[in-house]
Amino acid sequence: MKKKLFKNILLAMAGTLLFSLVLIILVLNQNFAEIETGRLSSQASMVQAGIETSGMNYLQKLDEKEFRITWIADDGTVLYDNTTDPKTMENHGNREEFIEARINGEASIRRYSSTIAKDTYYYAKRLDDNSVIRLSQTNDSVFALTLRLATPILWIFILAAIVSAIVANRLASHIADPINRIDLDHPLANNSYEEIRPLLTRIHNQNQQIDRQIEELHRKKKEFLTITDNVSEALILLNTEGKTVFFNRAALTLFHTDEKQIDSIMEMEQIRQLVNTVLMGKDSEAVITMEDETIRVIGRPIFSRKVLTGASLLAYDITETYSLELQRREFSANVSHELKTPLQAIMGSTELLRNGLVKKGDESTFYQRIHDESARMLTLIDDIIRLSQLDEDAPVEETKVDLSDLASETMEALSSAAFRKNIKLESDLHTAIIKANSRMIYEIFYNLIDNAIRYSKNDTSILIRTWVEKDQAWLSVQDHGCGIPKESQARIFERFYRVDKSHSRATGGTGLGLSIVKHSVARCHGNITLSSRLNEGSTFTVNFPLLNR
């Protein structure tokens, strides 16, 4: 601003100086012309008086060298000239000053000669006999005079320009410095120029509006960050080039990366294809698998005033949901299969009996099969209903339960099943009181012991134990059965999962016992572990929080 002011002031001063110089020269020239005309007029009056008194004798005796004197007769013939022989001079009847003097009595004319760059002043006066006396003087023109004075004028102009520059610089500083010192953060605190007060007031109002908008943006940004950082879903915002411009903490956790490597997510083929689709203005979804996790990614384009400005990716872990969905499908398929098998046996047996295709005396065998398959189907339905009840996670009544008492009760209930296989139920029971639902604890014991009996070899033993250790109540069931392969131990608690389907079918189990055990243990705030060796047996161990008396 200061430079611009300096330049404008300097140009204005230089222009003014140049204009003034030209104006002065013109005024001086006009003044000089008036002076010269006045002198010629005075001299002409004197010459007129002399001629009218003495005639040609006056002129011949006149020794005048400053002015040129010409006497012109009424017909334009030159009668006398003090510089040139009149006989050699042409008729002056057509001269402007001669004609004007004849009409008006006097005339003042100035002619410029471009050849010699000089001005010639003429003054003519009519005499009583209608002859005209003319005086003339030749002087330098204004242009020639200016050229002659060019050097001093140039020095004067240079000096004036220097002075103008100094004055312009100080004036520019005087004008600009107060403006440059204006505190735009507090514009109303400045008292530099009253003329800019409305502007400062407007800046003050705009500053307040901007402060309010910034404060509002900060508040919304804080709210946005608070919300996005506390949601479990990963949120990633991209620009139109597919570069990450925002992400929340959940994104780093979900994709197992850090802030520096966040863009590496886009290198995944499925996500890259999804992003490309979204940046074309279309919604897109994808399900990707990372190690043992399943992630659903939803992409949406971001528009601002109908112009695509980026894309948003919302990702969340669906591993459990995906797994539950697979389990649900598998469960539905298994339930259908498990129910279909006994129904087919029942229908087959009844069909044979109805058509009389069974030998006499063998009817009881088919009736027994129908009964056994019906009982098996009823047991299966009861187990499915029980699992459904456990899945509902409805509140259950909890009371003081002694594990040793329920263990004894369960052993007594299953003693006949153990007797049929000549299996000895051994126990090492110690009082262990917990707070839980007694029915669920009984189901845990029943299913563990029943499974142990089913899968144990004949003429072996099963050890049932209860004890207290480190503020925990413990129970365990150890058998000497076929054992569970290591690769199957992680899935043994899944519904309808069987290690050996043919052998399991022969034992008559539903495949839901251990799943019921797992759910019951969880509802009773406990944990269950399995230790097993193939062809040596298995040990199921459960611990619960001990009830503080």
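This is a predicted model: local features need pLDDT of at least 70, side-chain atom pairs count only at pLDDT 80 or more; totals for chains, interfaces and linings use all residues.
Trainee: Which residue is the bridge partner of Leu-237 in E7?
Mentor: Phe-246 in E7 is the bridge partner of Leu-237. Residues are numbered from 1 along each chain as its sequence is written, and side-chain values use heavy atoms, with hydrogens and water left out.

Trainee: What makes E6 and E7 a pair?
Mentor: Three bridges join strand E6 (residues 234-238) to E7. Strands pair if DSSP finds at least two bridges between them. Three bridges meet that rule, so E6 and E7 pair. Their sense is antiparallel.

Trainee: What order do the five strands of this open sheet have?
Mentor: The order is E7-E6-E10-E9-E8, with antiparallel pairing.

Trainee: Why are E7 and E8 called edge strands?
Mentor: Strand E7 (244-247) and strand E8 (284-290) each pair on one side only. Neighbouring strands here are turned by 25° against each other on average, direction ignored.

Trainee: Which strands does helix H8 touch?
Mentor: H8 (residues 269-278) packs on the sheet and touches E6, E8, strand E9 (293-304) and strand E10 (307-317). The direction of H8 makes about 170° with that of E8. Such angles run from 0 to 180 degrees between N-to-C directions, with axes fitted to C-alpha atoms, for helices over the stretch in contact.

Trainee: What makes Asp-283 and Arg-300 a salt bridge?
Mentor: Their side chains meet at 3.7 Å, N to O. The limit is 4 Å, from a side-chain nitrogen of Lys or Arg to a carboxyl oxygen of Asp or Glu. The 3.7 Å value falls within 4 Å, so the pair qualifies. Asp-283 lies in the loop between H8 and E8, and Arg-300 in strand E9, so the pair ties together parts 17 residues apart in sequence.

Trainee: Why is Arg-300 called partly exposed?
Mentor: Its relative accessible area is 31%. Buried means under 20%, exposed over 50%, and partly exposed in between (1.4 Å probe, protein chains only). So 31% makes Arg-300 partly exposed.

Trainee: How many Å separate the closest N and O atoms of Arg-296 and Glu-285?
Mentor: They are 3.7 Å apart, in a salt bridge. The pair links distant parts of the chain, with Arg-296 in strand E9 and Glu-285 in strand E8, 11 residues apart. Arg-296 is partly exposed at 27%. Glu-285 is partly exposed too, at 45%.

Trainee: What salt bridge does Arg-300 form with Glu-285?
Mentor: Their closest N and O atoms are 3.8 Å apart. Arg-300 is in strand E9 and Glu-285 in strand E8, so this pair ties together parts 15 residues apart in sequence. Elsewhere, salt bridges that share partners join Glu-216, Arg-219, Lys-220 and Glu-223 into one network. A search of the whole structure finds 14 salt bridges.

Trainee: Ser-404: buried or exposed?
Mentor: Ser-404 is buried, because its relative accessible area of 9% is under 20%. Ser-404 lies in helix H11 (residues 403-413). Leaving aside neighbours within four places in sequence, its contacts (heavy atoms within 4.5 Å) are Leu-429, His-430, Thr-431 and Thr-466.

Trainee: Which strands does H11 lie across?
Mentor: H11 lies across E12, strand E14 (461-469), strand E15 (472-478) and E17, at about 170° to E12.

Trainee: What order do the strands of the mixed open sheet have?
Mentor: Its five strands run E12-E14-E15-E17-E16. The edges are strand E12 (424-429) and strand E16 (527-533). The twist averages 15° from one strand to the next. Seven bridges join E16 to strand E17 (residues 537-545), running antiparallel. Ser-532 has Ser-538 in E17 as its bridge partner.

Trainee: How many helices and strands does the chain have?
Mentor: It has 15 helices and 17 strands. These are DSSP runs numbered from the N terminus: H or I of at least four residues for helices, E of at least two for strands. Buried residues make up 36% of the 549 in the chain.
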